[in-house]
Amino acid sequence: MRTLVGWHVEMEFAEDGDRTKAAALVRLADGTELRGHGFSTRHHDDSPQLRVGEEVAGARALNDLAMQLLSKAHEEVARPGRGDPATPLM
């Protein structure tokens with residue numbers, strides 16, 4: 001099996017009290033950059049565990065990216081003359 005392309009995803013987190021914000025960035029081989037965002041809020045009765053907030057916010061940011069990638073792929077499949085046939089839509 002041969003790797004056709006690799007993606008690098010960058011994640012950043014910001015904590016503000018009980019709220020965690022995550023931002024995800026992926027650069028695609030066609031030059032497109034997509035950004036996803038996710039948030040989590042700790043309930044005031046829960047113990048402070050930054051890692052859990054990061055995981056929830058990060059998962060939501062990655063889910064946002066996943067939805068954007070699906071939309072992009074659907075648009076490209078539906079577009080006539082889909083560009084370079086040597087570049088698979090995998």
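**Figure 1. Overall architecture of the predicted model.** The protein comprises 1 helix and 3 strands, arranged from the N terminus in the order β-β-β-α. Helices (H or I, at least four residues) and strands (E, at least two) are DSSP runs, numbered from the N terminus. This is a predicted model, in which local features need pLDDT of at least 70 and side-chain atom pairs count only at pLDDT 80 or more, whereas totals for chains, interfaces and linings use all residues. Residues are numbered from 1 along each chain as its sequence is written, and side-chain values use heavy atoms, with hydrogens and water left out. Of the 90 residues, 19% count as buried; buried means under 20% relative accessible area, exposed over 50%, and partly exposed in between (1.4 Å probe, protein chains only).

**Figure 2. The largest nonpolar core.** This core consists of 8 residues: Ala22, Ala24, Val26, Leu28, Leu34, Ala57, Ala61 and Leu65. Strand β2 (19–27) and helix α1 (50–78) are the elements that each give two or more residues to the core. A nonpolar core is a set of buried Ala, Val, Leu, Ile, Met, Phe, Trp, Tyr and Cys residues joined through side-chain atoms within 4.5 Å. Leaving aside neighbours within four places in sequence, Leu28 is in contact (heavy atoms within 4.5 Å) with Trp7, Leu34, Leu69 and Lys72.

**Figure 3. Surroundings of Lys72.** Lys72 belongs to helix α1 and is buried, with a relative accessible area of 15%. Beyond neighbours within four places in sequence, Lys72 is in contact with Leu28, Asp30 and Thr32. The C-alpha atoms of Lys72 and Thr32 are separated by 10.0 Å, with the two residues 40 apart along the chain. The side chain of Lys72 also makes a polar contact of 2.3 Å with that of Glu76. A polar contact is a pair of N or O atoms within 3.5 Å; within protein, one must be able to donate a hydrogen and the other to accept it, and residues adjacent in sequence count only if both atoms are side-chain atoms.

**Figure 4. Surroundings of Thr20.** Thr20 lies in strand β2 and is buried, at a relative accessible area of 4%. A polar contact of 2.7 Å joins its side chain to that of Glu15. Not counting residues up to four places away in sequence, the residues that Thr20 touches include Phe13, Phe39, Ser40, Glu54 and Ala57.

**Figure 5. Salt bridges between separate parts of the chain.** The structure holds 6 salt bridges, each defined as a side-chain nitrogen of Lys or Arg within 4 Å of a carboxyl oxygen of Asp or Glu. Glu10 pairs with Arg27, the closest N and O atoms being 2.7 Å apart; this pair links strand β1 to strand β2 across 17 residues. Arg27 also forms a salt bridge with Glu33 (2.9 Å, N to O). Through shared partners, salt bridges join Glu10, Arg27, Glu33 and Arg35 into one network. Another salt bridge connects Asp18 and Arg42 (2.6 Å, N to O). Asp18 lies in the loop between β1 and β2 and Arg42 in the loop between β3 (33–41) and α1, so the pair ties together parts that are 24 residues apart in sequence.
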